[in-house]
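Here's a walk through one multi-chain model, with the cut-offs spelled out as they come up. Have the viewer open and follow along.

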Amino acid sequence: MVATSHDVMPDIELYQPTDEASALALANTLGSDGWLLGGGQDTYGWLKDRNKTPAAMIELTQVDAWKGIRETADGVEIGAVTTITEIATNPLIQSKYALLSTAAGRVASPQIRNVGTLGGNLVQDARCWYYRRGLDCYRAGGNICYADSPEGLNREHALFGSSRCVAVSPSDTAPALVALDATMVVSSVGGQRLIAAQDFFVGPARDITHMTVLNEGEILTAVRIPNTWANAEFYFEKVADRNVWDFALVNVAAAFKVSGGTIEDVRIVCGAVECVPRRLDAVEDAIRGQQRSEQLAEEVASIASEGARPLNYNHFKVPLMENLVKRAIRG
Amino acid sequence: MYPVNPKLTRRRFIKGVIASGAAATSTSIWYAANGAERPPGAVERLIRINVNGQVRSVDVPPQETLASTLRYKLGLTGTKLGCNRGECGACTVLVDDIPSYGCSILTHSVKAMRIETVEGLESANGDLHPVQQAFVEELSPQCGYCTPGQVMAAVGLLRANPNPTREEARQGMAGNICRCGSYDSYLNGVMRAAEIG
Amino acid sequence: MAYMHIGKDFVPPDAPGKVTGRIKYSEDYTREGMVYARLLTSPVPHGRVVNIDASAALAMDGVVGILTADDVYPDGEPQSTGLKILTNEPTLVGEPILAVAAVDEKTAESAMALISLTIERLPFVLDPLDSLREGGADAYTGGNTFVFRQGFAQEKWTSDQITSFQNGREPSAEPQQSWEYGDLEAGFASSDFVYETSFSTAGYPHMSMEPRSAMAYWENGKCYLHGTSQSLTALAEPMANIIGVPLEDFVFINEATGGGFGQRSRAGSIPSMAIPARFSQKINRPVMMRVTREEEFTIGGARQGLQGWIKVGFRSDGSMAAMDMYCVSDSGGKGGGGDANSAAAGVSALYQSEAMRFRNTSIGTNTGHRGAQRGPGENQIMAIVAPIMDKAAEALGLDRLAIRKMNAAQNGDVSGSRSTPFTSAYMPEALEMAAEQFDWEGRKSRSRQANGSKVTGLGIGQGYHNAGRSGMDGIVRMLPNGRLQMHTGVGNLGTYSYASTSRAAAEVLKMSWDDCDIITGRTDRHLAISSPQDGSNSIFTNTRTAYGAAQDMLAKMKEIAAMDLGGAAADYDIDGSRVYQITDNTVGMTYATVAQRALELGGKFTGEAEVPEDLNSLTALSVSRLAGSALMGIYHDPRHAGNPPGFAVAMIEIELDTETGKFDIIELVNIAECGTVVHPQGLKNQLVGGAVWGIGLSVLERHLYDPQNGIPASTGFWQSKIPTYLDTPANIGTGWVDLPDPENPVGARGIGEPSMGSVSAALNAAISDALDGHLFDAAPVTTDMIINHVAGISEEAIPLAQNNFRG
Amino acid sequence: MGEGIVRYKYDVWGDEVILGVSWDLLWVVAVAVLILLAAHAIIMAVLANKKMDKPSSEGRRVLRHETIDRLFHWIMAGSILLLILTGVAPIIGLRIDWLGLHWIAGLVLSFVVIFHIIRSLFWQDFKSIILAPRDFGEPFDSAKKPGKYSFEQKGMHWAVTVVVLAVVVTGLLMFLQIDTPFWDRTNSMPESQLGLVFLLHGLSTLALVALAATHIYFALRPEKFFYTRSMISGWISEDEMTANHDTSRWSPEEAD
């Protein structure tokens, strides 16, 4: 449907369950015909363009059980339909997990943060413009990638882990949650499963048409952040063309446990360089046990981009990624 | 010769129509179809919404955006559509005091909430809201198309933070594009509104 | 001069309506029985519609009709590169082919999927150099360029010529267009520093906030069109021609326009408004055509991209001895423009090069509609030239401010191909004022200082545009109740110039602003012609007409007073809405009384006789309809002599982070040199708005097409990167020189465009400064370019490519 | 069933082009093959009551397949099974990193197929596998015994040949359309052609799935199992040879 500009919401049914059981039942019954609706900030464009044509929307934001931020025995649990603004401004998150509140504060624009949910930010679809235009590319179930070709416009695309599709993970909160060793709580009528944040996202090699491991009928209902990284030293930075709305060219989320200047443990995760948030294990290994310093940052930064396979127009992401890692280590 | 829109287009379309529960019948456009074949549990079309302090009854299809309801059902055309994609802010309205893009929110999602638009800001005796007054005094608007959105964002901002610094105001207003580039003048307006408000 | 209104702020009558949402833009109207049209647009970058089968769509419930190019052009489409109402020969993706009307938009969109469109695909090209290359595809069916009065033609260079150009050497091909003054060779021979480079500047879309939606209906044989434009009356007559309705049967209604930056000035660049008009005529229902953001991108116009070569020579004192410029201009799939020519004229005006040569070839590409956009040409080239000026200053050991002063335009100077004298020019004063406000002397030592990964860069930029026209008309009326009715044809595009220019009339008549009404918003209010509101000309052009019309009224009032109270007209003066005898101010009559007398007297006093003969047709029609209704002041403005320049100077301090390629603007001042200030708040808005636009040009905005398929990538605000609050400084310093221009009765000249060029130039210069004087020779300079430069990566960008973000 | 045999998509300009085969057919093929083979198994079980004599595997052994050919067969079998497995995984929703394995297996298959073609043309008894008109009478006349290969075996061989060649050629064309360690994809094939290639690859895959299932089924059948053994160890017994083959048309060497 690329031939012409569509702009009006076509007929789509809407369900507004107010309890978990009916929401899960609806998700189960409707399967792929049911569109899970959080804040809708990555929904209405698809629908207005008629590039996605679900029969119905299941609004999740009326289910109180999936809202809000709760302190738990071993950390904090955030309901998946909690708004990004709430996370960015929540005192508990700000004090213990400032990495997440900072990242949340850099998402899109104030109004999008006011309505958009954490779950929506995590499961949002790829932002590759070819895909968004409704072209039948690999990610849309087709047999071609328009971005990964000699003349394709791939300035914003992946350095790593591309397999036919070169779209990147667009989320700002996802790298933060991976860095915080968060766990995703996924529910369905069949029960609940817990998935480590790192395993929640999926690249094109394993599933080219999805960004997460959620199956039909499953709903991301909460995110649990363990105490492990509470009050650690954090670093988040996002570099985007414009400072509002735009998705990261590269972002970095890092957590450090530092004692006497020595890095005891660390997590460094980059977004927008791969289809999933990219955990930089090699850098982590290289700096664990070392003194956190400018010099260390300089030494190990190049490890960050090892294995990068730049496309025609995204070579700049290599130094940018290295620089952001450098800045994270420098603190 | 390349037929651009052959039979498959039609098939995809028909599939879409059937999927959306609105199989084309021969009577009064979509309304009958929508009304007759609604699955159980789906939202009721006839709703009452609180807009600018008034409760209004209105027939809203499940998929309708708030901006559409306001503009085309309630005649509140102050809320503008600049992009219809949440990329500009011209449609900003307040939902329970929170600035939100009217183009990117369903009317049904906010039917239990207080909706305020630019038309609802003046006092009963016709006095401009302090933000509006300040925007006039600073001549913040240029072409004016983004102005209702800027006004609503500013009102929302000042309700949450009555005395913002200029930097806080800038961050708070950031979800509104002004193609004329009047940001400086709008910020002057916000700061003045905070003074007179 | 002490003015009553000129130079004073006021509340423009539309300002309250803007903050309350009460003012109406075209899409805010509705009408009984209105149906909704949506556009089916071209899926291919170049093609020919072979067949349209709409039978299934027309059979659908709720569909009212379709309108095709065959309906609007029964005798065939006009053969030009101009945008068509609808077309069967699309030359860009998204060009409107047909419209469908239905009872609601959703139905119209659904109906579109039922229309079977058969299109023959034709070869397409997205970069002018690809088309210029031998064997390269042509954007149009008849060639790759359109020669005025001659038609389509084909322009080809050899591969060697293209490659040599891409490698930074002077193009050797014969240009389509050229001019020259001075002795170029001698100029370069006498130069102590010569810089030569190829450069490129990207085109990008206008993206006015309001999409060009329009609604039309017919009533009693008259066509009523609710539209959007940046000119009101200047657009009306040609719009009537496009629709095919006599001017006297056409009513154009346009109270407010959601932004106009060049592409809503003339009817030819917004013919889509004729779609609802013709559709309504065909189906006999009011038709609303809401235009989407994506459609606004494709047909809403874009700046031309320039691929050029430039060579500049400076003498040891810093004076610019010679400038040679060769451009290949991207004319897009429709439209075109004179950006390259204006760029050269702008350099000539700003830097007063002693010798100069300009050459240009315009080539079509199957990309978006092109045309004039805020400072077309000047603003792109200033971003290229400003860093070169700094390079020269560095090479010659001069201060960067000093080299600009050395070349600055002053009273008596001339510029351009015809060595036209300025009506007045005070660039040195503007530079001085900017330097003072910015504290250039205090800041200049911070240049290139590093603080961690951050480096300070300073930039000075100058902007110019020819900013004034003449030859338009003015109408004012005095009602018997003493209220002044100013019938302005100036459009309301957001500059408030419709109001501020009208104030010249109030000034002449020394009237309280409260007693004045601006009559505008729709042509059936009988308005005077204005010039098209592009080229920063409104303030100059239309204060002349308002002033002249008021002078005519003043003369008539004195004549009536003399007739009734004795003496000669010259014996009378005015104040407090009274005409009185100079010798005895108790003898006089109020404006209201004069107006009543005028109605009794009729004839020339009420516009029923002795109407100026050379009035434009639209003004003449208005006058004939107003005749006899009130005391009238009617004026036809003669041509002025000279070039009224609009000048601006900007200074910027940035802190550029070499690790991220991002920068903060620490300080930005933008100073106007535009004659007498008429409306300070309006001028300030132009200066801050121009600054935001300048930032967009220099670092952000883009216009992307997929090189493989010709489909547009940047159809929304997101991908076209319109600057936001957080990409622009929280404070922008402004100021103005405020010296009167002799060719304007209130001393005013325009400013809208130069206020942008100054900032785009200063910012590019500041970035270059922060990077040790590195010249990108391109605009925009984007984050990735800066990162690549710092990292020493040369990305696989095609040299001079127009169509990728690398530029 | 679903959308028929062919799936369509829109190309970048909105034209309808072939996307590939409808994978619903995978289930059709799977079910059809299962039914047919089950039917065959039942019939055979019924016939088995008539007590057919099974030739003894003891005694003198003759060489049926040389080591190199057995190696070829098993490499080919392995690669095809891996190709089917990795190719089908994403279709049935298994989230595995399949593409690398798939093209490596595809390359292996391509090489061994080329090897086999060359070897069969110059070093093997090519005639033994040729389907001659007289072979078609074989199933209807129990007196007629085949040479080295039975009619069914020849049929299977040629069916596999055609299908494998189709899958290899289309596979190689598709290989050019992805990034590999050897090259970057060029996007040079028009979308309509690309779709055709995908369609042929898909159709041949479906055929291959059916053929592979059939082949494996027969390989495991007790009365044919000595052939499978011969593909592992190379020999069959003289009894098995004389019971199933016309020794005037096939006189193999004695096995080691």
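Predicted model: local features only at pLDDT ≥ 70, side-chain atom pairs only at ≥ 80, totals over all residues.

Which strands of chain C does helix H17 lie across? Helix H17 (residues 538–565) of chain C lies across S21, S22 and S27 of chain C, and runs at about 135° to S27(C). Axes here are lines fitted to C-alpha atoms, for helices over the stretch in contact, with angles from 0 to 180 degrees between N-to-C directions.

## Ground rules

Residues are numbered from 1 along each chain as its sequence is written, while chains are lettered from A and ligands numbered from 1 in the order in which they are written.

Helices (H or I, at least four residues) and strands (E, at least two) are DSSP runs, numbered from the N terminus.

## Chain C overall

Chain C holds 23 helices and 31 strands. With a radius of gyration of 27 Å, close to the 28 Å from the globule rule for 807 residues, chain C is as compact as a globular protein of that length. (That radius is taken over C-alpha atoms, and the rule is 2.2 Å times the number of residues to the power 0.38.) Along its principal axes, the C-alpha trace of chain C spans about 85 × 70 × 45 Å.

Buried residues account for 67% of the 807 in chain C. Buried means 20 or more other C-beta atoms within 10 Å of the residue's own, exposed means 12 or fewer, and partly exposed is in between, with C-beta atoms placed from the backbone. Take the contacts in chain C between residues at least 6 apart in sequence: 80% of them join residues at least 24 apart. A contact needs the two C-beta atoms, placed from the backbone, to lie within 7 Å.

Four strands of chain C form an open sheet with mixed pairing, in the order S23-S22-S21-S27. Its edges are strand S23 (516–519) and strand S27 (631–636) of chain C, each pairing on one side only. On average, neighbouring strands of this sheet are turned by 20° against each other, direction ignored.

Strands count as paired if DSSP finds at least two bridges between them. Strand S21 (residues 473–478) and strand S22 (residues 484–487) of chain C pair in the antiparallel sense over three bridges, and C:Arg477 has C:Gln485 in S22(C) as its bridge partner.

## Cores

A nonpolar core is a set of buried Ala, Val, Leu, Ile, Met, Phe, Trp, Tyr and Cys residues joined through C-beta atoms within 7 Å. The largest has 454 residues, of which A:Ile58, C:Ala99, C:Val100 and C:Ala505 touch the most other members. H17(C) gives the largest share of this core, 11 residues.

Not counting residues up to four places away in sequence, C:Ala99 touches several residues, including C:Leu39, C:Ile66, C:Phe279 and C:Met289.

## A strand in chain A

Strand S10 (residues 250–259) of chain A has seven of its 10 residues buried, so it is largely enclosed by the rest of the structure. S10(A) pairs antiparallel with strand S9 (residues 233–239) of chain A over seven bridges, and nine bridges join S10(A) to strand S11 (residues 262–271) of chain A, also antiparallel. A:Val252 is the bridge partner of A:Glu237 and stands opposite A:Cys270 in S11(A).

S10(A) and S11(A) form a hairpin with two residues between them, and A:Gly260 in the turn has a positive phi of about 55°.

## Where chains meet

Chain C puts 40 residues in contact with 31 residues of chain A. H23(C) gives the largest share of that side of chain C, five residues. The side of chain C that touches chain A divides into 17 nonpolar, nine polar and 14 charged residues. (Ala, Val, Leu, Ile, Met, Phe, Trp, Tyr, Cys and Pro count as nonpolar, Asp, Glu, Lys and Arg as charged, and the others, Gly among them, as polar.)

The contact between chains B and C takes 52 residues from chain B and 61 from chain C.

Most residues other than glycine have a negative phi, and most peptide bonds are trans. The peptide bond from C:Ala779 to C:Pro780 is cis, with omega near 0°. C:Arg149 is not a glycine, yet has a positive phi of about 70°; C:Arg149 is exposed, with 4 other C-beta atoms within 10 Å.
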